[in-house]
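I opened my notebook for this one and wrote down what I looked up, one entry at a time. Please follow along with the model beside you.

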Amino acid sequence: MADPTNHNQAGEVAPSTVDQQAPSVAEEHAPSTDSPEATDLPTANAPDPKTANSEDNPNSAKPAAGSPKQEKPAAAAAKAAKKEKAPSVEDKPFVEFIEQDYLPALQKAIAQQGVQDLQVSFAKQKVPITGFESAQECWQIIGSWKETGQRQFNLYFPEEDIQGKKGFSCNEGKKPSTLESFLIDERKITLDLLVYGLVQRLGGQKWLGIN
């Protein structure tokens, strides 16, 4: 006689083998609650890969193709320094400007006017005009003609500054008696203007060219 315990009660359906195995299979493949799950949120110990420095973090966000590359502060400062305007010759120290820039430019300009025997010097001395014997020495440009030996002009810089007061005197065979103001109406003196002004004054004296 069959054992009644091996049969299900009437009306009940025995579970299939699949149904019996399903819970154990699901448990095997379910994630363990003991392991931390990876997320996209930044943690206190890990920087956000989208905001981290691209040089330090290879996972950081890269700039889009074609977008301008950002310069480092040091490189940007160096580039800006190169773009700064170079200082002009007029910004040089007074004596350096006169000796290195003004005298050569003046001699060249006067030679272009047909004068080949002009001697030009630069010295700090007394003003050779009657009535200025007690005045202090000042820087002067002295020009004289070798052949005639009579014509001479002096350009004075009492303030040792091309932007400051300037004077002019000239004589032909005798001591000068008048000290003239020179380029007093110009707001800013440049090398070209200083050369042009003296050439014009000598031309007015009829000491240039065939005069």
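**Aromatic cluster.** I began with the rings and found that Trp-145, Phe-153, Phe-168, Phe-182 and Trp-207 form one aromatic cluster. For pairing I took rings of Phe, Tyr and Trp (its six-membered ring) with centres within 6.5 Å, calling planes under 30 degrees apart stacked, over 60 edge-to-face and the rest tilted. The structure holds seven aromatic pairs. I picked out Phe-168 and Phe-182, which are stacked, with 6.4 Å from centre to centre and 25° between the planes. Phe-168 sits in strand 4 (residues 167-172) and Phe-182 in the loop between strand 5 (180-181) and helix 4 (191-204), so this pair ties together parts that are 14 residues apart in sequence. I also looked up their burial, where buried means under 20% relative accessible area, exposed over 50%, and partly exposed in between (1.4 Å probe, protein chains only). Phe-168 is buried at 1%, and Phe-182 counts as buried at 5%.

**Ground rules.** I note that this is a predicted model, in which local features need pLDDT of at least 70, side-chain atom pairs count only at pLDDT 80 or more, and totals for chains, interfaces and linings use all residues. Residues are numbered from 1 along each chain as its sequence is written, and side-chain values use heavy atoms, with hydrogens and water left out.

**Overall layout.** I counted elements as DSSP runs numbered from the N terminus, with helices (H or I) of at least four residues and strands (E) of at least two. That gives four helices and five strands, in the order α-α-α-β-β-β-β-β-α from the N terminus on. Of the 211 residues, 26% are buried. The accessible surface is about 15,700 Å², with 51% of that belonging to carbon and sulfur atoms; the areas come from the Shrake-Rupley method with a 1.4 Å probe, and for residues only the protein chains shown count as cover. For contacts I used heavy atoms within 4.5 Å. Among contacts with a separation of 6 or more, 44% join residues 24 or more positions apart.

**Nonpolar core.** Here I looked for sets of buried Ala, Val, Leu, Ile, Met, Phe, Trp, Tyr and Cys residues joined through side-chain atoms within 4.5 Å. The largest such core has 33 residues, and the members touching the most others are Ile-98, Tyr-102, Ile-141, Phe-153, Leu-194, Leu-198 and Leu-202. Two or more residues each come from helix 3 (94-111), strand 1 (118-125), strand 2 (138-145), strand 3 (151-157), strand 4 and helix 4. Helix 3 gives the largest share, eight residues.

**Helix 3.** The expected span of a helix is 1.5 Å times one less than its number of residues. Helix 3 has 18 residues and reaches 24 Å between its end C-alpha atoms, close to the expected 26 Å. I found a kink of about 40° at Tyr-102, shortly before Pro-104; the bend is the angle between axes fitted to the seven residues ending at a residue and the seven starting there. The buried residues of helix 3 include Phe-94, Phe-97, Ile-98, Asp-101 and Tyr-102. They pack against strand 1, strand 2, strand 3 and helix 4.

**Helix 4.** The 14 residues of helix 4 should span 20 Å, and the end C-alpha atoms are 20 Å apart, which agrees. Among the buried residues of helix 4 are Leu-191, Leu-194, Gly-197, Leu-198 and Leu-202. What covers the buried residues of helix 4 includes helix 3, strand 2, strand 3 and strand 4.

**Positive phi.** Which residue just after helix 4 takes a positive phi? I found Lys-206, with phi of about 65°; Lys-206 is exposed at 55% relative accessible area. Glu-160, also not a glycine, has phi near 55°. Glu-160 lies in the loop between strand 3 and strand 4 and is partly exposed at 36%.

**Gln-152.** My last entry goes to strand 3, where Gln-152 has its place. Gln-152 is partly exposed, with a relative accessible area of 26%. Its C-alpha atom is 5.6 Å from that of Cys-170, 18 residues apart along the chain. Not counting residues up to four places away in sequence, the contacts of Gln-152 include Ile-142, Gly-143, Ser-144, Cys-170 and Trp-207.
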